[in-house]
Amino acid sequence: MTWRRLLCVGEAMIELAPLGGARYQRGFAGDTFNTAWHMAQVLGGQAEVGFVTTVGEDTISDAFVKELASDGLLADVVSRTADRTMGLYLIELDGVERSFHYWRSVSAARAIADDLAQLRQSLSEADLIHLSGITIAILTPAARETLLEALGAARAEGAQISFDPNYRPALWNGVQEVRDVLPGFMASADILLPSFDDEQNVWEDASPEATLGRLEALCTGEIIVKDGAGPVCASIGGDRSVHPTRKSEDLRDTTGAGDAFNAGYLAARALGIETRGAVQAAQELAALVLQYPGARADNRMLGPSLLGLQ
Ligand SMILES: Nc1ncnc2c1ncn2[C@@H]1O[C@H](COP(=O)(O)OP(=O)(O)O)[C@@H](O)[C@H]1O
Ligand SMILES: [Mg+2]
C-alpha cells in the first residue's frame, strides 16, 4: 500500500512571534497545516501533499499561498473568498511562559465547508485526508454536516481518513458539544491520532489504555495514543502495542509536537511502513520539533533520510 496524494484540512493562521520589545516575526501556523508542512518536507517528491483551506483574496493570503507552494505543498487545493482574510495569533512571552492571543473568529478558514461541491472537488483523488477537532470546532453545525458528507464521499471513493481530536476548550461551547460532535467524525475515520491529555479532559479516561478501549469501540482501524514524554499506545485492528518515548535531550518548546508526530506517522504509512516503524518515525519527527521554538523544525534538518524514509 502506498499513498500518492495526502491532504490535510483545516486552518492556518498568521503567527506573530516575539523577537523582543515590540518587534515580532510573521509566520504561518495551525495544527493540520503544521502536519501537512512536515509531511511535505519529509516525503519530498515521493507523494503530493496539500493543505485544503480557505483564505482571502488579499496580499497576506497571497503570501501564504506563495510560501506553501515554494515549500512543496499543492497550491490548487486552497480556495479563496473575497469577504474575509486569514485568522491571526500573537505569542506573548513572559520569561519562558508563552501565552497566545487569537483573532480568528471571522477567519476565511471558517468557510472551508460552506460549499459542498467545492469541498468535494478539493478532496477528490485523495489517498489520505487528515483533519482535527480544531478543523471541526471552527465550523457552524451546518458546515460540520457538509464536511462529514464530503469525507464520507471521499472515503467511498477510496480515501483513508485520519483524525486528531486536538481539544481546544476555547473553540467549543462547553465539553458536552465536543462529546456530541466528535464521535461522528471518529467513527468515520480509519486512523485516530489522539493525545491522552485531550481525551482525559473530554472523556475523563483514567489511562491511555482506557482511551484505546473507548476508541476501539468507535474505530476498527489504527489508533495511536500520544502521551507527551510517556509511551505511545497503539491498537491496530484491536492488536495493541506499547512504544516507549525517548527522553528529550534538548527540549526547547513543545508547541506542535503532536502535529509533527502525526506527520511522521502518516508519512511513514504513506510509504507502506507498518506500526512500529511508523510510530518510530513519528517520535523522531516530534523529538526534532521539540528542539526548535515554534511549531516547525528547520526544513534544512528535514528530508526522507531523517526518518529512514528513502
Ligand atoms: N516532554 C517530552 N519529552 C519527550 N517527548 C515528548 C515530550 N512532549 C512531547 N513529546 C513527543 O511528542 C509527541 C506528541 O506529544 P503530545 O504532548 O502527546 O502531543 P500534543 O503536542 O498534541 O499535546 C509524543 O508522543 C512524544 O513523541
Ligand atoms: Mg495535539
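## Cavities

A search of the whole structure, which is a predicted model, finds two cavities of 30 Å³ or more.

The largest cavity has a volume of about 40 Å³. Its lining consists of Val 52, Thr 53, Val 77, Ser 79, Ile 112, Gln 118, Leu 119 and Ser 122. Strand S4 (48–55) and helix H3 (116–123) each contribute at least two of the lining residues, and H3 has the largest share with three. Four of the residues lining the largest cavity are nonpolar and four are polar, with no charged residues.

## Second cavity

The second largest cavity has a volume of about 30 Å³. Pro 165, Tyr 167, Val 178, Leu 182, Asp 198, Glu 199, Val 202 and Trp 203 line this cavity. Helix H6 (175–187) and helix H7 (196–203) each supply at least two residues of the lining; H7 gives the most, with four. By class, the lining of the second largest cavity has six nonpolar and two charged residues, and no polar ones.

## Ligand site

Ligand 1 is surrounded by 15 residues, and the closest are Ser 195, Gly 228, Leu 251, Gly 258 and Ala 286. The shell divides into seven nonpolar, five polar and three charged residues. Helix H9 (257–270) and helix H10 (275–290) each supply at least two residues of the shell, and H9 gives the most, with three.

Oxygen atoms of ligand 1 take part in the following pairs. A side-chain N or O atom of Ser 195 is 3.2 Å from a ligand oxygen. For Gly 228 a backbone N or O atom lies 2.8 Å from a ligand oxygen, and for Gly 258 a backbone N or O atom lies 3.0 Å from one. Taken alone, ligand 1 exposes 550 Å², of which the protein buries 83%.

Key: Residues numbered from 1 in each chain as written. Chains lettered and ligands numbered in written order. Predicted model: local features only at pLDDT ≥ 70, side-chain atom pairs only at ≥ 80, totals over all residues. Heavy atoms only, no water. Near = heavy atom within 4 Å. Polar contact = N/O pair within 3.5 Å; in protein donor to acceptor, adjacent residues only side chain to side chain. Areas by Shrake-Rupley, 256 points an atom, 1.4 Å probe, with all protein chains shown as cover. Nonpolar A, V, L, I, M, F, W, Y, C, P; charged D, E, K, R; others polar. 1 Å grid on protein atoms, 1.4 Å probe; cavity = no way out; pocket = protein on both sides within 12 Å on 5 of 7 lines; lining within 4 Å. Points joined across faces, edges and corners; volume = space filled by probe spheres on them.
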